[in-house]
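Take a first look at the fold before reading on. Then follow the chain step by step.

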Amino acid sequence: MNRWTPLPPWLQGPDETRLMQPYLFPYLRYLQLMRAADAFVVYDDVNFIKGGWINRNYILSQGGKLLVTLPLQGASPNLLINQLKVGCRPGKLLETSRHCHAIALQFSKVFPTQESIFPRQENLIQNSVELIAD
């Protein structure tokens, strides 16, 4: 089954460049935009927005959706996204994922991938770029 849906006509065209801010876990449409682009730019030289999706996202839990946050060192709207560093205990997010998804049918196939890509670098943007590049 092909999960990639075609982009709407207003997003199609020759020599398309897409520009997006990084997200903790890119959503399907984000990946579709990347795939459809001739060039994809990670827009990381803008100010960090507290309460945005750069370092947080929802994951499914037994009780519904659960907001998870990757801790950042000294996160501030005065810093650019590319200046952010991963904070203490980044593995806590991985532990939360393991706890919420351990009974999922595909857990044994998916979780090792999560472990291998999260987090590799101290710099937040390097982690994001490596995640979407994989």
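The paragraphs below go from the overall fold to single residues.

This is a predicted model, in which local features need pLDDT of at least 70, side-chain atom pairs count only at pLDDT 80 or more, and totals for chains, interfaces and linings use all residues. Residues are numbered from 1 along each chain as its sequence is written, and side-chain values use heavy atoms, with hydrogens and water left out.

Start with the secondary structure. The chain has 4 helices and 6 strands. Both are DSSP runs, numbered from the N terminus: helices are H or I with at least four residues, strands are E with at least two. In sequence order the pattern reads β-α-β-β-β-β-β-α-α-α.

Now consider the surface. The chain exposes about 8600 Å², and carbon and sulfur atoms supply 56% of that area. Such areas come from the Shrake-Rupley method with a 1.4 Å probe; for residues, only the protein chains shown count as cover. Of the 134 residues, 34% count as buried. Buried means under 20% relative accessible area, exposed means over 50%, and partly exposed lies in between (1.4 Å probe, protein chains only).

Next come contacts, meaning heavy atoms within 4.5 Å. Take those between residues at least 6 apart in sequence: 55% of them join residues at least 24 apart.

Turn to helix α1, residues 28–36. Which of its residues are buried? They are Y30, Q32 and L33. Seen down the axis of α1, the buried residues fall within an arc of 160°, so they line one face of the helix. The arc is taken from the directions from the helix axis to the C-beta atoms.

The structure holds 6 aromatic pairs. Rings of Phe, Tyr and Trp (its six-membered ring) pair if their centres lie within 6.5 Å; planes under 30 degrees apart count as stacked, over 60 as edge-to-face, and the rest as tilted. The rings of Y23 and Y30 have centres 5.4 Å apart and planes at 80°, so this pair is edge-to-face. Y30 and F40 have ring centres 5.7 Å apart and planes at 70°, so they are edge-to-face too. Y30 lies in α1 and F40 in strand β2 (residues 39–42), so the pair ties together parts that are 10 residues apart in sequence. Y30 is buried, at 0% relative accessibility. Y23 is partly exposed at 23%, and F40 is partly exposed at 23%. Y23, Y27, Y30 and F40 form one aromatic cluster.

What about the core? In soluble globular proteins, nonpolar side chains tend to be buried together. A nonpolar core is a set of buried Ala, Val, Leu, Ile, Met, Phe, Trp, Tyr and Cys residues joined through side-chain atoms within 4.5 Å. The largest one here has 20 residues, of which L70, L93, F118 and L124 touch the most other members. Helices α2 (91–101), α3 (107–117) and α4 (124–133) each supply at least two residues of this core. Helix α2 gives the most, with 3 residues.

Look closely at L124. Leaving aside neighbours within four places in sequence, L124 is in contact with I54, L70, L72, L84, K85 and V86.

Finish with S97, which lies in helix α2. Is S97 buried or exposed? At 6% relative accessibility, S97 counts as buried. Beyond its neighbours within four places in sequence, S97 is in contact with I59, F111 and Q114.
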